[in-house]
Amino acid sequence: MSTPTTVGDRSAGKPIHETNPVLTIDHVSIDYLAQRTVHAVKDVSLTLGRGEILGLAGESGCGKSTLAYAINRLLKPPAVVSSGTISFHSREGYSIDLGALQGEELRQFRWDRISMVFQGAMNSLNPVISIQAQLEDVFSTHRPELSKKERREKCGELLERVGVDRSRLKSFPHELSGGMRQRVMIAMAMALDPQVMIMDEPTTALDVVVQREILREITRLRAELGFAVIFITHDLPLLLEISDRIAVMKEGEIVELGQALDVYTKPQHEYTKRLLASFPSLTGDRGDFARGTHGKGTDA
Ligand SMILES: Nc1ncnc2c1ncn2[C@@H]1O[C@H](COP(=O)(O)OP(=O)(O)OP(=O)(O)O)[C@@H](O)[C@H]1O
Ligand SMILES: [Mg+2]
């Protein structure tokens, strides 16, 4: 492992997304070829640094989930990636063009290297299967070499990692609170130690206290495990707390991209200014935010 690098700290030299990228989105456009063609993502370019938390903000319908699905190669017709490339850069130093992955290669890549917590994920657990069986399924599919005992042990560890007691493994989804179910989904996304996690509105349906706890957990785990996160939400104050950088999307385009603090203190685009102004809480003391408590990224 190499020396940890402070994410986004300019005094430490170049930012991590320039020196050690894990994902590059290069001039990507995505259309929905429906009755009326929707240009959902327009010429988006972004680089995600290893261990970085990148916040993606923007109003409903601006294309956030479409971009997230494209990164995971989960888009279905009528969606088409009409131009651009998305590349993943491994720790070992080689790059993979995600658009070129097929079949088994794609299946192995997904979840293993890049995982996703879906919008509304807590309702996507299978109601008639125990938490244990659903978590174990990830391991039996992707880590068939593990013994049953090892799988069980890993499931317990995973749950505890996201702050849920392992006795809950026996529970069925309806026996858990919304916050716990969401933690289970986050645990599942972390199961295979991916290098990138895409979180699409992972905490929106939860109350503020639970939301905070989960966010704290994500930033702590990021510091511990070194994965990078693309965190999607329309909740800009929340992004300011947890992100190293923030991208603001509007009508399919990235209109602003910068260090979280810069986006907050010196927004460049008119739309960002309007977005900031629409959150009255942001006019309060910035000390309200827990930015100082989040962990550091790693370039390991
Ligand atoms: N299957 C589809 N067919 C046609 N248009 C679609 C389809 N899915 C999404 N769109 C359109 O693509 C655009 C982007 O949608 P997307 O779901 O990516 O937005 P979003 O930023 O994630 O919004 P939200 O914050 O509400 O989740 C919207 O105009 C949407 O109506
Ligand atoms: Mg969405």
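Two residues count as being in contact here if their C-beta atoms, placed from the backbone, lie within 7 Å. With that in hand, look at a pair of helices: Q132, L135, E136, F139 and S140 in α4 meet R151, K154, C155 and L158 in α5. Sorted by class, that contact has 4 nonpolar, 2 polar and 3 charged residues; Ala, Val, Leu, Ile, Met, Phe, Trp, Tyr, Cys and Pro count as nonpolar, Asp, Glu, Lys and Arg as charged, and the others, Gly among them, as polar.

Some housekeeping. This is a predicted model, where local features need pLDDT of at least 70 and side-chain atom pairs count only at pLDDT 80 or more, while totals for chains, interfaces and linings use all residues. Residues are numbered from 1 along each chain as its sequence is written, and chains are lettered from A and ligands numbered from 1 in the order in which they are written.

Back to the helices, which, like the strands, are DSSP runs numbered from the N terminus (H or I, at least four residues, for helices; E, at least two, for strands). The axes of α4 (residues 131–142) and α5 (residues 148–161) come within 9 Å and cross at roughly 115°. Axes are lines fitted to C-alpha atoms, for helices over the stretch in contact, and angles run from 0 to 180 degrees between N-to-C directions. The crossing of α4 and α5 is right-handed, a label used when the near helix is turned clockwise from the far one, with left-handed meaning anticlockwise, by less than a right angle.

Now the sheets, where two strands pair if DSSP finds at least two bridges between them.

| Sheet | Strand order | Pairing |
|---|---|---|
| Open, 4 strands | β2-β1-β4-β5 | antiparallel |
| Open, 6 strands | β6-β7-β8-β3-β9-β10 | mixed |

In the open sheet of 4 strands, β2 and β5 (95–97) stand at the edges with a single partner strand each, so one side of each has no neighbour in the sheet. Neighbouring strands of this sheet are turned by 5° against each other on average, direction ignored. β1 (residues 21–33) and β2 run antiparallel and are joined by 9 bridges; they form a hairpin with 3 residues between them. Along the pair, T24 stands opposite T47 in β2, and I30 has V41 as its bridge partner.

In the open sheet of 6 strands, the edge strands are β6 (114–117) and β10 (253–259), each pairing on one side only. The twist averages 15° from one strand to the next. Here β3 (residues 53–57) and β9 (residues 245–250) run parallel, joined by 4 bridges, and A57 stands opposite V248 in β9. Helix α2 lies across β3, β6, β7 (196–200), β8 (228–232) and β9, running at about 150° to β7.

That helix turns up again at the ligand. The largest share of the shell around ligand 1, 3 residues, comes from α2; β2 (37–49) and α2 (64–71) each supply at least two residues of that shell. Of the 15 residues around ligand 1, Y32, S60, K64, S65 and T66 come nearest, a residue being near if its C-beta atom, placed from the backbone, lies within 6 Å of the molecule. By class, the shell has 6 nonpolar, 8 polar and 1 charged residues.

Finally, the record: an unreviewed UniProt entry carries the annotation "domain: ABC transporter" over residues 25–276. UniProt positions are given in the numbering used here, feature names are shortened, and annotations may be inferred rather than shown by experiment. Over residues 25–276 the chain is 37% helix and 27% strand, with the end C-alpha atoms 26 Å apart.
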